[in-house]
Amino acid sequence: MTDITEHTAARPRAEFLHRFSVRDAGTLIGLVVILAVFGALVPGFFAERNLINILQQSSINACLALGMTLVIISGGIDLSVGPTAALSAVISASMLVAGVPFPLAIAAGFAIGLVCGLLNGVLVAYVGLQPFIVTLGTLSTYRALALIYTGGNPVLGLPAGFRAIFNGSLFGLPLAVIIVAVVALIAWILLKKTPFGEYLLAVGGNEEAAYIAGVPITRTKIAAYMISGLLAALAAQILIGRLGAAEPILGNLWELDAIAAAAIGGASLMGGKGSVVGTILGAVILGTMRNGLTLMNVQSFYQLLATGLIILAAMLIDRVTRGRG
Amino acid sequence: MSVIPRLQFEGISKVFPAVRALSDVSFSVGAGEIHGLLGENGAGKSTLLRILSGVYRPTAGSVLIDGSPVTLNNPVAARAAGVAMIHQELQQVPHLSVAQNMFLGHPLTRGGIFVARREQERRAAEALAALDPTIDPAGPLGSLKVAQRQIVEIARALLDRARIVAMDEPTSSLTPSEFERLAEVIAGLARDGVAVVYVSHKLDEVFGICQRATIMRDGVVVGSVDLAQVSEKAVVSMMVGRELAQEQHRSHTSSEVRLSVRGLASATKVHDVSFELHRGEVLGIAGLVGSGRTELLRLLAGADRASSGTVEIDGKAIKLSSPRDAIAAGIGLVPEERKREGIVPLRSISSNMALASMGVLAPRGVIDHTRLKRVAATKMKRVNLRPFLLDRPIRLFSGGNQQKAIIGRWLAAGTRILLFDEPTRGIDVGAKAEIYHLIEELAAEGHSVVVVSSELPEVIRLADRVLVMRDGTVAAAIDRADLNEQAIAAHAIPQSETQAGKAQGHRAGA
């Protein structure tokens with residue numbers, strides 16, 4: 001009896017690995033191809049320093065894209081991540097400039113991100129408005145609040161001690177990269193190992209069925225938006241640490257890069273599908289493109305073109321490999 | 001018959017990359033004939049209809065219409081060849097008007113630019129006149145009932161001057177009187193010389209309206225039969241490939257009251273419903289579509305809020321403000337529309353089965369996947385779910401197995417009261433018997449079961465006691481001893497409708 005169970009259970013596991021990591025493997029192959037092309041065209045592309053550069057340049061987008069992935073899996077979208085980051089940045093920055101202790105200022109920034117996400121989540125999950133419209137509205141609202149708060153001026157002169165936190169490095173890797181790696185690991189655990197992850201996939205995959213099965217729909221969705229807001233705030237701290245200043249217009253169009261990374265990584269905007277590993281790879285692909293093309297002195301117009309084509313190519317490959325329906 | 005058949009399939013085969021869906025399918029349908037197409041899910045009926053309607057191209061073989069081979073490369077070509085397809089899930093646009101839907105894809109125009117709306121509505125009205133004059137061609141399609149929407153599809157076929165009409169499970173959500181109306185319309189089509197291919201799971205319907213039927217199994221034709229010459233039982237064994245044992249009802253009801261409902265009402269559809277459900281009892285709920293049966297189940301499952309009334313389990317009052325409350329109290333709903341309310345299609349069968357038990361499977365916040373797999377495996381065996389592939393997405397399983405997975409989900413969650421809404425809708429004859437068996441076993445184990453069903457034989461097969469609902473309330477409670485179709489029907493049909501029906505004929509969707 002036990003024998004039979006073991007035997008029949010082993011085969012599907014192989015099938016599972018085969019079936020479910022295929023999409024991530026595809027994204028990885030895409031990344032390898034892009035790396036190889038730039039390696040051949042750009043001297044010194046594979047220098048350790050440049051590779052670390054790519055990771056560092058990808059880290060902010062990866063951070064946002066992780067939150068975006070969770071929201072997209074829940075069947076929603078968060079267009080307000082850029083302005084959420086801006087609002088969090090200017091408030092943390094002005095507290096820092098006023099001499100508030102670092103932990104308190106950073107915590108305030110995170111709290112802003114959580115509150116922004118909470119508002120998005122409540123409007124989507126509790127009030128029942130459409131995610132696209134809700135976050136389009138809060139995109140303008142949060143941006144306006146950041147501009148009004150600062151009078152449109154950047155907050156300058158952040159203390160060196162604060163900047164050191166996010167500009168340090170550990171084991172030869174920039175701290176920002178390590179922070180985002182840890183966030184990615186947590187996101188992966190959340191999605192793969194916790195009821196919250198199952199609930200997200202169920203809510204995005206079939207909300208009505210999830211409801212009948214007792215999934216806490218409202219709580220799950222609100223949590224996804226709050227995580228997205230929190231990660232936007234984290235991205236903001238990383239950025240102002242690096243720049244030493246906070247501009248109320250920072251994070252313009254961040255939402256698009258984050259959505260792109262998630263989509264390249266296999267998230268479906270219909271909900272119910274998405275991968276943490278894929279999203280990280282997607283963010284690195286976008287970062288690599290930007291880095292490589294800049295090193296090749298390609299004009300920014302063409303960089304934009306290349307980014308657009310990569311997204312479309314990823315979607316087309318997705319479509320073709322999955323076949324119709 | 002020396003007459004050339006209207007529709008003829010000749011040696012049709014269809015091979016998909018992984019499977020051979022059809023091999024060498026041949027049969028013919030004459031002009032004016034209503035021809036049943038029978039078979040379990042996966043027998044190849046849908047594939048054959050898709051070939052007929054130009055969605056798939058056959059790998060080999062040909063389709064002949066009036067004796068000449070036709071090439072049906074796409075749905076437009078099929079339509080031009082005179083084939084009209086009436087889908088199970090109607091492919092219509094609810095926000096557009098009835099007439100707009102009937103001319104969808106090839107609108108009438110003035111000068112090739114402007115849509116001739118009036119002209120469309122006039123012609124739509126003409127086509128509808130013979131079928132159901134109460135339908136307003138200018139009104140939004142979404143406001144019609146399913147039965148009327150089907151009539152619209154048929155009217156559209158008439159407009160296209162279809163010579164062949166293929167209907168896929170047309171009656172899966174119709175009431176008996178709506179079905180009668182549809183049967184008349186279909187007979188009318190046949191009188192006009194249309195060949196009708198009628199796919200249905202309901203054998204009594206097929207025997208009622210078709211002259212001949214072709215039975216398919218595993219992609220091949222088992223046989224074409226004259227329905228006047230064969231019994232239902234013989235047809236079933238052709239479909240399933242074996243004799244299905246005729247089983248007797250057995251009761252497991254105990255005297256212990258598990259669930260007690262008093263004065264339950266919702267804002268709209270349910271009024272003052274009271275009943276008791278015993279341990280080990282299978283309680284049937286019969287009644288017409290719209291009599292409040294589904295709404296009652298949804299109240300008990302916490303999916304909708306009751307406006308008044310009390311629900312007690314084992315003598316203790318419970319509040320039901322969400323499905324979570326109901327699940328905590330040991331109540332689980334197996335919904336009618338599996339695809340919409342039951343399964344999460346992309347997720348594995350084991351994830352789907354574990355969905356309601358996450359709290360138990362993740363005691364410290366992290367899911368114990370070994371335990372999850374073990375629970376899912378145990379329940380899969382318990383409900384006899386096949387194939388035994390824990391990680392396979394649930395959407396790749398048959399309807400019957402998906403249904404078993406939902407039942408397994410509730411067993412895993414420790415549910416003691418199972419509410420079934422149309423437990424065998426869209427499920428094969430073979431799997432149907434298994435579901436019946438399972439329901440009886442669950443009752444024997446001490447579960448309490450409520451079964452809502454439109455199929456009277458199903459209710460009679462399963463129930464220890466039947467509540468008949470009418471206009472949102474319980475019109476009658478019938479004990480096993482007095483249970484028969486006439487008794488149920490007598491209480492289910494409102495007096496006014498029977499009289500009005502006699503006086504002025506059936507008005508679909510009244």
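Colleague: Which residues of α5(B) are buried?
Modeller: The buried residues of α5(B) are B:A147, B:Q148, B:R149, B:Q150, B:I151, B:V152, B:E153, B:I154, B:A155, B:R156, B:A157 and B:L158. A residue is buried if 20 or more other C-beta atoms, placed from the backbone, lie within 10 Å of its own, exposed if 12 or fewer, and partly exposed in between. This is a predicted model, in which local features need pLDDT of at least 70 and side-chain atom pairs count only at pLDDT 80 or more, while totals for chains, interfaces and linings use all residues. Residues are numbered from 1 along each chain as its sequence is written, and chains are lettered from A in the order in which they are written.

Colleague: Why is α5(B) described as largely enclosed?
Modeller: Because 12 of its 14 residues are buried, α5(B) is largely enclosed by the rest of the structure. The cover over those buried residues includes β6, α3 (98-102), α4 (117-129), β9 and α6 of chain B. Helices (H or I, at least four residues) and strands (E, at least two) are DSSP runs, numbered from the N terminus.

Colleague: What happens just after α5(B)?
Modeller: There, B:R161 takes a positive phi of about 50 degrees.

Colleague: Turning to the open sheet, what is its strand order?
Modeller: The 6 strands of this open sheet in chain B follow the order β6-β9-β10-β3-β11-β12, with mixed pairing. Two strands pair if DSSP finds at least two bridges between them. At the edges are β6 (83-86) and β12 (220-226) of chain B, each pairing on one side only.

Colleague: How many bridges join β11 to β12(B)?
Modeller: Strand β11 (residues 212-217) of chain B is joined to β12(B) by 6 bridges, and the two run antiparallel. Within that pairing, B:I215 has B:G223 as its bridge partner.

Colleague: And how are the domains of chain B divided?
Modeller: Domain 1 covers 7-240 and domain 2 covers 257-345 + 415-504 of chain B, with bounds from an automatic or database domain assignment. Their C-alpha centres lie 33 Å apart.

Colleague: How many residues are in contact between them?
Modeller: In chain B, 9 residues of domain 1 are in contact with 8 residues of domain 2; contact requires C-beta atoms, placed from the backbone, to lie within 7 Å. Helix α8 (residues 232-240) of chain B gives the most to the domain 1 side, with 3 residues.

Colleague: What does the contact between the chains take from each?
Modeller: It takes 30 residues from chain B and 26 residues from chain A.

Terms used:
Two residues are in contact if their C-beta atoms, placed from the backbone, lie within 7 Å.
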